[in-house]
Amino acid sequence: MTSLIKKDASGHPGDGDANLLINEVVGVPGGIGEGPRADRAAAFDRWLAALLPARDGIALIAVGGLGRRQCAPYGDLDLVLLHAGVAGTDELAASLWYPIWDAGLRLDHSVRTVAEALSVAQDDVKVALGLLDARFVAGDRALADQLIRTATDHWRRTAVRQLPGLKEITSARWATHGELAFLLEGDLKEAAGGLRDVGILRAIATAGITDALRPAVRAAHLRLLDTRDALHQQVGRRVDRLVAQERDGVARLLDLDDGDALLRRVAGDARTVSHALDDAWRAADRLRSGRRRGADGRPLRRPVARDVVEHDGELVLARTAIGARPDPSLSLRVAAAAATTRLPIARATCEWLAAYCPPLPAPWPPAARAALVTLLGAGPGLVPAWETCDRYGLIDGWLPEWTRLRSLPQHNPVHRFTLDRHLVQTAYEASRHTREVDRPDLLLLGAFLHDIGKGLSGDHSTVGAPLAEGVAARIGLPEPEANLIGNLVRLHLLLPDVATRRDLADPKTIADVAGKVGDPTTLDLLHALVRADAAATGPAAWSDWKGRLVAELVARVRTALDTGVLPAPPAPDPALLAGPLPVVHLAEDRVAVAAADRRGLLATVAGCLALHRLEVLSADASTVDGRALVECRVQPRYGLAPDPIALSADLRRAVTGDVSVTQRLRGRALAARGEGAAPRVVWHREAATDAVLLELRAADAAGLLYRVACALDEAGAQVRAARISTLGADVVDAFYLVGGWPDGTERARLEAAVLAAV
């Protein structure tokens, strides 16, 4: 790398240094890998050394990335100006910091004596960790060495006492940022398994507690650093969150096939770091607290399950379990014991199981099947136990399909986890509902297998059903139960799709769902699975509104299955059928309007609601005794409820034909058109009792229902119900159009009108 420093005739840095630093050190391209990172660190060292005048008792120390010589292309600087009580340090510090700020760099800085730095480190474990990365840059080397040596010695003496506080801080960070191995858009630095955790491993290794930086960890760390460097270059600024739209570009910089390959590599590296840190925490806990010991001074052994004992805070095999021919179900039984007791499995035990536990026969013995169900239903202990077993390859021995599912990205904005973690998380969430169903074992297995078809061509529910049946048969379920597992996978999206996209008052809707479900046992299993799946997907996958709709659908279908009689449609609100017109009723999530019978009432009401920033979730239109009725379920688009007085007044004026309100509606709606992929119309001619269903799939936008309802009205279609389903940035809007609409030409004309309105 060429010199970054231009000097004048006196040998001091010239005025162009800041621009040179930006262009040649933190600019793009900056290079990826250990060499470029070290080159950037060396360039910073030369530049900073040139800024610091030579004085005894003054030293400049780098910590953080510069201290480790791991400078990212757009990283910040962490510097300590160390002094021995000399005068003028504030002015000297300003002469250092201002050129760095002028260069556009982020700077974390402090000015301290050796005693002050050590005092702060004693009170703040994060500062203590930072000093472990401290490195001399310029000035009085003896002074810098004194701090670096003393800080390291102090950490080694006090680490055992300070680690609990560090663990608490780390757990809080993980709760905020999640686990990098399973996130679709994880923070490479702050998430569990990220770069910040490697620093903790380095601190634990420095304390001599355990060999936390084994070769696999060091290799994973370097790959994560490379990924972070490539992300900086791709975005052109400092950013640590690997978002979906940047993955392909980062992958190209790293010579990987695509963003999915990158995500899987990051997941594997994050797993390596997380597992190493788990081991290190346990070693530190044992060293700090010790365990109860017997008369011989050895840790006590406590049986916790058949062939499994607790030893020194970990689960190990009982001596009788290690025979000439181990039980094939042994690894599953150990995993189940770990999940139910929430105790870790000792590393040596995992390695022994991976090496010597024989493969499971097909079908599995009852003990193995029971252990799997126990594992999946263990609640909070499931995820860590599953991860430990996956770390040592035990899962692949149980389920060969797991190799394809591991770290598989899900290209859907509502999902927060990779597919493997989503499946395990769904089983965990399903364990909350096991008391609500007749077959909790089938609920847990169905939840775990419900998305097994993802990653293959075709609809994942349809493709996954036979795969799930095959797994169920292999683990020893009888054929009827294996078929039920396949049915759960095939139908696991049925209830939410119908509840949010179909008219639940239409008897045909209920009859169709009842025919597909078949019996109350399957219905209850699907209801529990839907809620578990949504909870494991992410907050955008569920809402109180969706929960109410699904529960209403389940109740109506159960009535049909139990009695054989389809429930009658709910009667209109009696308050809408009395009193002078117009009638306007507002509730927290409901708007109901009655007006003189006329066409276009739904469009008018929808537009007025859009004007007041209310999203319509469902709408029902009907005519009773000459009154046109529109009832809508709504929610605020931006979280703030509108003024009810203003909304009521606008609704009354609009439904009576006030032109000024109509003009405001059109102006606001036209200004709010959405963008995205081309919209699409799908017809369902057999989905309703007395109507044809027009389904619109388009980008979400304020006023969309108003525009489409206007287009339908102007084209001569009468809408008796509408269902609005939002999926990320898209919507699936279903409109029940009165009449059969058998003429293909008329349907094409109507379809063109709807697409033009979108």
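The questions and answers below cover the fold, cores, hairpins and selected residues of a predicted model.

Residues are numbered from 1 along each chain as its sequence is written, and side-chain values use heavy atoms, without hydrogens and water. Local features need pLDDT of at least 70 and side-chain atom pairs count only at pLDDT 80 or more, while totals for chains, interfaces and linings use all residues.

Q: How many helices and strands does the secondary structure of the protein come to?
A: Helices (H or I, at least four residues) and strands (E, at least two) are DSSP runs, numbered from the N terminus. The C-alpha atoms fill a box of roughly 95 × 80 × 45 Å along the principal axes. Within the protein, the count is 30 helices and 15 strands.

Q: What percentage of the residues in the protein is buried?
A: Buried means under 20% relative accessible area, exposed over 50%, and partly exposed in between (1.4 Å probe, protein chains only). The protein has 758 residues, and the buried share is 53%.

Q: Which residues touch the most other members of the largest nonpolar core?
A: A nonpolar core is a set of buried Ala, Val, Leu, Ile, Met, Phe, Trp, Tyr and Cys residues joined through side-chain atoms within 4.5 Å. The largest such core has 89 residues, and those touching the most other members are Trp-386, Trp-398 and Phe-448.

Q: Is Leu-332 buried or exposed?
A: Leu-332 lies in helix H12. Contact means heavy atoms within 4.5 Å, and Leu-332 touches Leu-360, Trp-364, Ala-368, Ala-371, Leu-372 and Trp-398, leaving out residues up to four places away in sequence. Because its relative accessible area is 0%, Leu-332 is buried.

Q: How many bridges join strand E5 to strand E6?
A: Two strands pair if DSSP finds at least two bridges between them. E5 (residues 301-305) and E6 (residues 308-311) run antiparallel, with Arg-302 opposite Glu-310. They form a hairpin with two residues between them, and Asp-307 in the turn has a positive phi of about 70°. The number of bridges from E5 to E6 is four.

Q: Which residue in the turn between E6 and E7 has a positive phi?
A: E7 (residues 314-317) runs antiparallel to E6, and four bridges join them. His-311 stands opposite Glu-314 in E7. E6 and E7 form a hairpin with two residues between them, and the turn residue with a positive phi, about 55°, is Asp-312.

Q: Why does Ser-431 count as buried?
A: Ser-431 lies in the loop between helix H18 (419-430) and helix H19 (440-449). Leaving aside neighbours within four places in sequence, Ser-431 is in contact with Leu-376, Gly-377, Gly-379 and Leu-444. Ser-431 counts as buried because its relative accessibility is 16%.

Q: What separates the C-alpha atoms of Gly-538 and Val-414?
A: Gly-538 is in the loop between helix H24 (520-537) and helix H25 (544-563), and is buried at a relative accessible area of 6%. Not counting residues up to four places away in sequence, Gly-538 touches Val-414 and Arg-416. Gly-538 and Val-414 are 124 residues apart along the chain, and their C-alpha separation is 6.1 Å.
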